[in-house]
Amino acid sequence: MRNAWVICRKELQSYFVSPVAYILLIMFGLIFGFFFWNALGFFINEGLEMQSRGSSFPMNLNEQIIRPLLQNVSVVGLFFIPMITMRLFAEEKRTGTIELLATSPVRDLEVIVGKWLAAMILYACLLLFTAVNFAFLFKYGNPDWKPLAVGYLGLLLQAGALLAIGTFISTLTKNQIIAGAVTFGVCLLLWVLEWVSGYESSTWARVLSYMSVITHFESFGRGVIDSKDAIFYATVIFLGLFFTARSLESLRWRS
Amino acid sequence: MITVKELTKRYARTTAVDHISFEVAKGQIVGFLGPNGAGKTTTMRMLTCFLPPSSGSATVAGFDVLEQPLEAKRRIGYLPETPPLYPEMETAEYLIFVGKLKGLSGAELPKRVDYVCERCAISDVRTKLLGKLSRGYRQRVGLAQAIIHNPDVLILDEPTAGLDPKQINETRDLIKSLAGSHTIILSTHILPEVEQTCEQVIIINQGKLVATDSVRNLQARARGAESVVLEIAGRNGTLEPGLVEQRLVKVAGVSRVACKNQRDIRAVFEVESQKGQLVRGDLARAVVESGWDLNELRPAAMSLEEIFLQLTGSETVTEKVTAKGGQP
């Protein structure tokens with residue numbers, strides 16, 4: 001796996017030498033900053049209202065700010081993931097550098113894991129930006145840090161699953177735009193699948209909503225590690241990377 | 001060093017490489033010659049484990065490309081048609097990355113990077129972005145990445161394509177200097193390149209092996225017998241080509257005389273002699289004694305181009321090859 005690390009570092013360098021990483025970081029920071037500002041404004045407003053009504057219902061930072069914000073991040077992530085994964089293999093295929101990787105004494109799996117890991121690390125950097133905002137809550141309030149940590153773990157797992165799918169889609173084409181667009185479509189579908197459960201309760205609806213990546217984030221968002229959800233994400237990660245490996249292999253037989 | 005047996009690559013509708021067999025001995029430079037689309041790149045890709053063969057086998061440095069690809073890859077340096085460079089990386093960074101991929105580590109890695117930089121004359125662009133390099137430099141960085149792990153076998157796909165004449169010469173010299181310690185296969189459609197760099201030629205056309213031999217043997221084989229070109233001028237204002245032909249045919253050992261072209265009182269003849277017969281002296285004497293001037297007498301060495309045409313011999317190929325052959 002030394003080779004996977006070599007590939008991972010090279011990929012990270014590609015992200016951070018080009019403007020890609022910085023643009024993603026800035027956009028994500030802006031969007032999340034706006035969410036945070038909004039949520040905080042809402043929270044303060046509600047607090048004032050309660051005070052004026054003389055209600056003594058306890059306000060809770062975890063429940064009223066952190067949890068909805070984590071949910072938001074999980075949805076915003078869907079939009080950023082295609083931008084992270086689209087170049088992974090598509091670019092190598094277009095410029096022909098895939099030939100270098102394929103003729104070097106490295107296993108396909110090492111290449112795939114290296115690239116996926118680099119995408120994970122970039123996504124973790126995006127999450128780190130949100131941590132700056134949460135740090136203010138800890139400075140001026142007294143939220144529980146454990147549900148927040150569990151939420152981050154869930155976000156990472158969810159991103160891992162989607163990034164694995166994106167990596168797979170990136171091996172299918174030479175065109176980054178196509179890879180990005182298809183990944184975006186798939187991510188979006190995997191999100192909205194959950195809506196079915198709103199009006200249907202047949203087995204099919206339950207299966208569809210189970211397949212939605214958002215459904216499985218709910219418990220993490222509440223600060224609960226449900227092994228069922230963790231296993232779901234791990235399975236998708238495994239399947240995504242497995243299909244990537246098969247796709248790379250078939251590339252050789254077909255091209 | 002390289003053994004290829006009945007190697008075949010089929011695509012859905014076409015057969016790109018059709019039962020090719022050849023062997024390359026250690027330390028040799030072999031030219032892989034053929035028109036565009038002949039299957040050169042496909043064959044090279046199979047040798048480098050990039051494409052699996054449909055049938056047949058290939059071993060590189062004793063390792064089968066299908067059975068032990070990792071071991072084979074460790075011993076191969078490969079320069080694809082377009083050098084596989086990452087535009088956002090600096091030259092030295094890139095070489096370190098490739099070196100690590102090829103299994104180098106520790107103190108050896110920077111040493112090898114220094115060595116290949118010097119060898120390929122790219123030391124002055126070490127800190128430049130690869131995307132900003134000129135074509136010649138890109139090609140040389142490509143070559144540097146191919147030799148960084150000191151491989152037994154070097155496979156170069158059109159290493160001089162797109163370079164200017166000076167760069168072509170430099171690249172050729174570099175490749176020649178690498179022979180001996182490395183076994184080299186280089187593909188090209190430029191014939192003089194093979195004549196100048198390679199010891200052995202493998203000619204393929206439309207996926208099939210046409211000839212494999214040393215450059216010298218191939219020239220001799222295609223020529224069959226010795227042939228000589230003569231330019232003769234008449235002394236007193238006239239020259240009857242017919243008369244000259246009649247006289248030349250009478251020279252002992254001559255099998256065929258043909259008048260190639262005639263202008264005023266000068267004419268060029270090509271004389272073929274039977275194998276093993278040295279006729280040049282007799283020809284010269286016959287011409288002078290008949291009262292003509294002998295302006296030129298030279299052996300008609302057949303260029304690889306002609307051999308190639310003779311061996312592949314199809315019209316479409318002819319056009320392509322003469323067009324490409326014109327390049328320096």
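This is a predicted model: local features need pLDDT of at least 70, side-chain atom pairs count only at pLDDT 80 or more; totals for chains, interfaces and linings use all residues.
Two strands count as paired here if DSSP finds at least two bridges between them.

Take a look at the strand 10 end: strand 9 (residues 200-205) of chain B pairs with strand 10 in the antiparallel sense, over six bridges. One of the residue pairs to pick out is B:Ile203, whose bridge partner in strand 10 is B:Ala211.

## The four-stranded sheet of chain B

Chain B has another open sheet, made of four strands in the order 2-1-4-5, and here the pairing is antiparallel. Its edges are strand 2 (15-24) and strand 5 (63-64); each has a single partner strand, so one side of each is left without a neighbour in the sheet.

Strand 1 (residues 2-10) and strand 2 of chain B pair over six bridges, in the antiparallel sense. If you want a spot to start from, B:Leu7 has B:Ile20 in strand 2 as its bridge partner. Helix 1 (residues 40-47) of chain B lies across strand 1, strand 2 and strand 4 (55-60), running at about 120 degrees to strand 1.

## Chain B overall

Counting everything up, chain B has 12 helices and 14 strands. Of its 328 residues, 41% are buried. Among contacts between residues at least 6 apart in sequence, 67% join residues at least 24 apart.

Chain B is divided into domain 1 (2-221) and domain 2 (224-299). The centres of these two domains, taken over C-alpha atoms, are 46 Å apart.

## Helix packing in chain A

Over in chain A, helix 7 (residues 145-170) packs with helix 8 (residues 176-192) at an angle of about 145 degrees, with the axes 9 Å apart. Helix 7 passes helix 8 in a right-handed crossing. Helix 7 brings A:Leu162, A:Ile165, A:Gly166, A:Ile169 and A:Ser170 to meet A:Ala179, A:Val182, A:Thr183, A:Val186 and A:Cys187 of helix 8. By class, the residues of this contact are seven nonpolar, three polar and no charged.

Helix 7 of chain A also packs with helix 6 (residues 108-140): their axes come within 10 Å and cross at roughly 145 degrees. This crossing of helix 6 past helix 7 is right-handed. Among the residues making the contact are A:Trp116, A:Tyr123 and A:Phe134 of helix 6, along with A:Tyr152, A:Leu155 and A:Gly160 of helix 7. The contact of helix 6 with helix 7 has 15 nonpolar, two polar and one charged residues.

## Where the chains touch

The contact between the chains takes 21 residues from chain B and 17 residues from chain A. On the chain B side, the elements giving two or more residues are helix 2 (69-74), strand 6 (76-79) and helix 3 (91-101). Helix 3 of chain B gives the most, with four residues.

How does the chain B side that touches chain A split by class? There are 13 nonpolar, three polar and five charged residues.

Methods:
Residues are numbered from 1 along each chain as its sequence is written. Chains are lettered from A and ligands numbered from 1 in the order in which they are written. Axes are lines fitted to C-alpha atoms, for helices over the stretch in contact, and angles run from 0 to 180 degrees between N-to-C directions. A crossing is left-handed if the near helix is turned anticlockwise from the far one by less than a right angle, and right-handed if clockwise. Two residues are in contact if their C-beta atoms, placed from the backbone, lie within 7 Å. Ala, Val, Leu, Ile, Met, Phe, Trp, Tyr, Cys and Pro count as nonpolar, Asp, Glu, Lys and Arg as charged, and the others, Gly among them, as polar. Domain bounds come from an automatic or database domain assignment. A residue is buried if 20 or more other C-beta atoms lie within 10 Å of its own, exposed if 12 or fewer, and partly exposed in between; C-beta atoms are placed from the backbone.
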